[in-house]
Amino acid sequence: MLEAAPGLRPIAIFEELRRRYPETIFGSRRTLERRIRDWRAMNGQDREVIFRQVHEAGRLGLSDFTCMDDLAVSIAGQPLDHLLYHFRLPCGGFEHGHIILGGESFVALAEGLQNALWSAGGAPKLHRTDSLSAAFRNLDIDARIDLTRRYDALCAHYGMEPTRNNRGIAHENGAIESAHGHIKAAVKDALLLRGSADFPDLADYRRFIDEVVIARNRRHGPGIDAERKFLKPLPDVRTTDYEEVLVTVTSSGGFTLRKVFYTVPSRLIGHRLRVRLYDDRLDVFIGGTRLMTLPRGRAGMNGKHGHVVDYRHVIHSLRRKPMALLGLVYRDSLFPRDAYRLMFDHLLEVQGEREACRTTVELLAMAHERACEAELAGLLTEDLTARRTPCLTALRARFSPDPADLPEVVVKLVPLSIYDGLIEQGEAA
């Protein structure tokens, strides 16, 4: 059986023997396992040999991604599904970590790698990744060729030779694969010392990861300093670490990109925008002018479209059509805080659809126009706790003045000729 199927487990052989010879009393399974191990040592197939390498200073840099979900990190109470881009110079021990919100992609690799190189202060001769199979997934042949070309151009910009290990052979990237476990253990220990894995925002979590990585690099300080002397100098500027896409703003007040709908100010309806797509954000341009930065959204696991909605972009139109809130496709994404969504559900229950829509839209308009989103959410939470409906009149008085009631200030401009007189007086003096 071992000759015919060398990969058979001892337990499978033991059960097969018992099935073939039911009348035979076999001894301990442990004895069989030991004898199979001895047989394989004498007669088994040759096994793959891992060749440990001597690392030359400044020669090799390694990149890989590792999943961080098992650390149960959350942002403001919401679980954070994320990866860690991990870069390492195996000779000196320099490391860099960068939080990745999406999956493995060229954009994530380009941003993380460039951050790492500028942090290290130089570039190695070779840069090695895995086969990038995750980044290539679901891409057609033209897109794969384009991605390969862009990766080669990225390495060329820093004077590095791009290399990859063979698909499915993780130990070829072993100098960083083994380091994944060490850096994740360090992050876990730091979380335990911190007392919580919940962070107020993503920026705070990024700073936390930076502190963990800096502490690890500090322990390898002499080796890192020695290797820096052998790194190639960096170019004057970074190269692109984003994808650029052209989109058109539709009559819905936004555009769809990678199965995610993004709202923008309605004055842009009909305009063609240039979008730079990063791992965690979108920079939106019209012509050469940057208009805004939007957080990047992700489509659902089941392929369902996602939504990144800013209620300020649509509230003026929604105020004229409050009943549109009831069946709005992105209604759940419209509410800036849970208190507004929960209040809408409460109003539906006690007031009916029409009044619930009207009141909720007025609350959102008030939050925007009077810049009181957070404070108003706190008052709504108190009302929900007491099972009360909000009083719009009292809220308007609390968050006065109404922008519509502000006095109009008229500035009278003086004729420019009087400045000539001032100049003449100064010269005379």
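Biologist: In which helix is the place of Tyr419?

Modeller: Tyr419 belongs to helix α15, residues 417–428; helices here are DSSP runs of H or I with at least four residues, strands are runs of E with at least two, and both are numbered from the N terminus. The model is a predicted one, where local features need pLDDT of at least 70 and side-chain atom pairs count only at pLDDT 80 or more, while totals for chains, interfaces and linings use all residues. Residues are numbered from 1 along each chain as its sequence is written, and side-chain values use heavy atoms, with hydrogens and water left out.

Biologist: Is Tyr419 buried, partly exposed or exposed?

Modeller: Tyr419 counts as partly exposed because its relative accessibility is 44%; buried means under 20% relative accessible area, exposed means over 50%, and partly exposed lies in between, using a 1.4 Å probe and protein chains only.

Biologist: Turning to the sheet, what is the order of its strands?

Modeller: The open sheet has five strands in the order β5-β4-β1-β6-β7, with mixed pairing; two strands pair if DSSP finds at least two bridges between them. Strands β5 (94–100) and β7 (161–164) stand at the edges with a single partner strand each, so one side of each has no neighbour in the sheet.

Biologist: And in which sense do β1 and β4 pair?

Modeller: Strand β1 (residues 60–67) and strand β4 (residues 83–89) pair in the antiparallel sense, over six bridges. Within this pairing, Cys67 has Leu83 in β4 as its bridge partner.

Biologist: How many salt bridges does a search of the whole structure find?

Modeller: The search finds 30 salt bridges, each being a side-chain nitrogen of Lys or Arg within 4 Å of a carboxyl oxygen of Asp or Glu. One of them joins the side chains of Glu95 and Arg216 at 2.7 Å, N to O. This pair links distant parts of the chain, with Glu95 in strand β5 and Arg216 in helix α7, 121 residues apart.

Biologist: Are Glu95 and Arg216 buried or exposed?

Modeller: Both Glu95 and Arg216 are buried.

Biologist: What about Glu362, which residue does its side chain meet in a salt bridge?

Modeller: The side chain of Glu362 meets that of Arg396 at 3.4 Å, N to O. Glu362 lies in helix α12 (residues 353–369) and Arg396 in helix α14 (residues 392–398), 34 residues apart. Glu362 counts as buried because its relative accessibility is 15%, whereas Arg396, at 31%, counts as partly exposed.
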